[in-house]
Amino acid sequence: MKRRVLAALTATVLALSMATPANAGLETEQPTQQWRSYWVDAFNEGIYTPAQVTRLVQDAKKINANALIVQIARRYDCFCNRALYPRTDAGIAPRPYDPLDEMIAQGHAAGMEVHAWVNVNTMWNSATPHSSPEHVFNKHGRSATGADRWLNKRYDGLELMGANAYMDPANPGAVNYIVSAIQSIVREYDVDGVNLDYVRYPDFNSTTTHSDWGYSETSLARFRAATGRTDTPLPSDPQFSDWRRTQMTNLVRKIYLGMWEVDPQARLSMDGITYSYGPQTMGGWEKTRPYAEVLQDWKGWMAEGIMDTVVAMNYKRNWMPDQKQMYDEWTEVLADWQGDRQAVIGPALYLNDIPDSLEQVRRALAPTAAGNTAAGWSGYSYANPTRAGVGQPLSFRNAERDRLAEALTTGPDAPFANEVAVPVMPWKASPTEGHVSGRVALRTGAPLDQATVTLRPLTTDGEPITRPTDGDGWFGFVHLRPGTYLVQVDLPDRVVGQPVAVAEVRAGAISTVDLTHLVQL
């Protein structure tokens with residue numbers, strides 16, 4: 001049994017007896033559970049050598065951190081040796097050194113969780129390709145055609161922004177590769193979780209009210225097949241925006257259940273966008289830039305239960321009044337919206353000096369007007385801990401980090417003076433619900449893309465749930481009450497066969513159904 005599983009069981013017992021819930025008002029001055037972490041990017045020092053990892057762990061302990069979000073996959077390359085992603089070409093110590101192995105060994109020995117930070121939709125960013133012929137940019141980039149071309153495309157036809165290439169979340173092959181690669185990390189390494197970054201459509205849009213991306217050949221063909229339309233929709237088309245947003249949600253749901261299949265205890269977190277003002281100013285969640293412009297519905301993902309923790313990139317300058325308002329608005333809704341899941345506030349240390357960062361920490365951890373408190377804090381980033389340190393030598397930045405640690409941990413009202421545990425996830429530590437997944441396909445193996453699947457409870461209360469299959473015919477339903485359910489597929493014309501199955505849902509388990517014996521006349 002993994003070390004982390006044993007630790008989780010111990011933490012659960014402690015949590016049930018003395019923890020302050022993450023979504024309740026602070027009842028004691030010092031909580032017993034509170035997420036505290038640094039983001040550790042892989043474009044700077046931190047994990048390139050064992051000595052850097054040692055320094056990283058020591059620095060994290062100085063702020064009484066209990067977790068580290070460590071960038072392991074930047075652009076489909078891995079700072080590890082045993083994942084589906086090929087090993088990075090970055091200048092890390094030579095084999096047999098494995099940065100993720102080293103990070104886990106030293107982090108766990110120091111009592112900290114290690115979360116593998118994985119970029120989802122950033123394919124590549126250099127004119128020089130990765131050295132491995134298996135890298136997705138080499139196999140599914142500009143040299144590929146048809147469904148093998150996984151590049152996202154903008155409305156104006158551009159696929160590259162400079163040297164930056166992006167993955168199309170509407171491409172079935174790309175989706176399956178992403179899920180399999182993340183499963184490989186969870187299977188091969190004793191990580192405490194996976195942190196998804198860029199789990200959204202790209203930036204570089206013509207406006208803040210919609211996305212200009214999603215115009216690959218595969219994406220448009222699937223959209224037209226789903227809607228019966230024959231035109232090319234405008235970026236502002238509401239139906240097309242909803243359809244693209246659904247592609248992101250389907251990907252997240254598939255990652256969630258894919259991780260559960262390998263390790264039901266592993267945490268799925270993501271870096272939530274908080275561009276500009278919050279919904280209080282914008283007129284609701286659907287009017288905000290995360291939802292409308294980059295098609296990232298992290299609020300819906302928490303509500304459905306397919307995201308354990310949103311670590312929000314609340315990157316705002318505290319010394320600018322308008323950005324201070326933005327920070328406060330997003331901090332409030334994150335605490336109030338987390339419901340049964342957890343939201344962590346992630347300020348930008350590199351945009352603020354220490355007094356401003358300290359003030360942002362305190363506001364992040366204070367109860368809202370509704371009495372809710374965010375699950376904790378994550379600082380971006382370890383490499384650049386203060387505004388004054390950006391662009392300065394390593395020795396200066398190290399000294400700035402030490403000054404930040406002193407401010408966070410010393411004094412009568414220091415927010416991180418004590419050690420605390422990472423918040424327990426009751427829905428995973430002691431699950432009372434189960435899941436259903438399956439695949440709809442012809443006997444030939446051809447998937448039924450975007451077929452409507454309805455899940456109906458037979459022996460328990462609840463309303464039917466309906467959603468489409470993804471591009472590989474896959475579907476999933478999460479966090480269901482134990483009992484018997486009917487799974488029914490609406491078959492398209494000229495497809496016949498048994499369109500129903502029965503699923504027995506058990507707590508903590510995934511019930512799989514097989515609907516792959518259909519016939520097309």
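**View 1. Helices H5 and H7 pack side by side at an angle of about 30 degrees.** Helix H5 (residues 172-188) and helix H7 (residues 238-262) have their axes 9 Å apart. This is a predicted model, where local features need pLDDT of at least 70 and side-chain atom pairs count only at pLDDT 80 or more, while totals for chains, interfaces and linings use all residues. Residues are numbered from 1 along each chain as its sequence is written, and side-chain values use heavy atoms, with hydrogens and water left out. Helices here are DSSP runs (H or I, at least four residues), as are strands (E, at least two), numbered from the N terminus. The axes are lines fitted to C-alpha atoms, for helices over the stretch in contact, with angles from 0 to 180 degrees between N-to-C directions. H5 and H7 are therefore roughly parallel to each other (angles under 35 degrees; over 145 is roughly antiparallel, 65 to 115 roughly perpendicular, and the rest oblique). Look for Val-175, Ile-178 and Ile-182 among the H5 residues that meet H7, and Leu-251, Ile-255 and Met-259 among their counterparts in H7 (contact means heavy atoms within 4.5 Å).

**View 2. Strand S7 is tucked inside.** Here, 5 of the 5 residues of S7 (residues 193-197) are buried, so the strand is largely enclosed by the rest of the structure. Buried means under 20% relative accessible area, exposed over 50%, and partly exposed in between (1.4 Å probe, protein chains only). Gly-193, Asn-195 and Asp-197 sit on one side of S7, with Val-194 and Leu-196 on the other. S7 pairs in the parallel sense with strand S3 (residues 113-119) over 5 bridges, and two strands count as paired if DSSP finds at least two bridges between them. Spot Trp-117 opposite Asn-195. S7 also runs parallel to strand S8 (residues 267-273), with 4 bridges, and there Val-194 has Leu-268 as its bridge partner.

**View 3. Four strands make an open antiparallel sheet.** The order is S14-S13-S16-S18. S14 (465-468) and S18 (500-505) are the edge strands, each with a single partner, so one side of each has no neighbour in the sheet. From one strand to the next, the twist averages 25 degrees. S13 (residues 452-457) and S14 share 4 bridges, and Thr-454 is partnered with Thr-466 in S14.

**View 4. Strand S19 pairs with both S12 and S17**. Strand S12 (residues 434-442) runs parallel to S19 (residues 510-520), joined by 7 bridges; find Gly-438 and its bridge partner Val-513. Strand S17 (residues 495-496) is antiparallel to S19, with 2 bridges, and Val-496 stands opposite Val-519.
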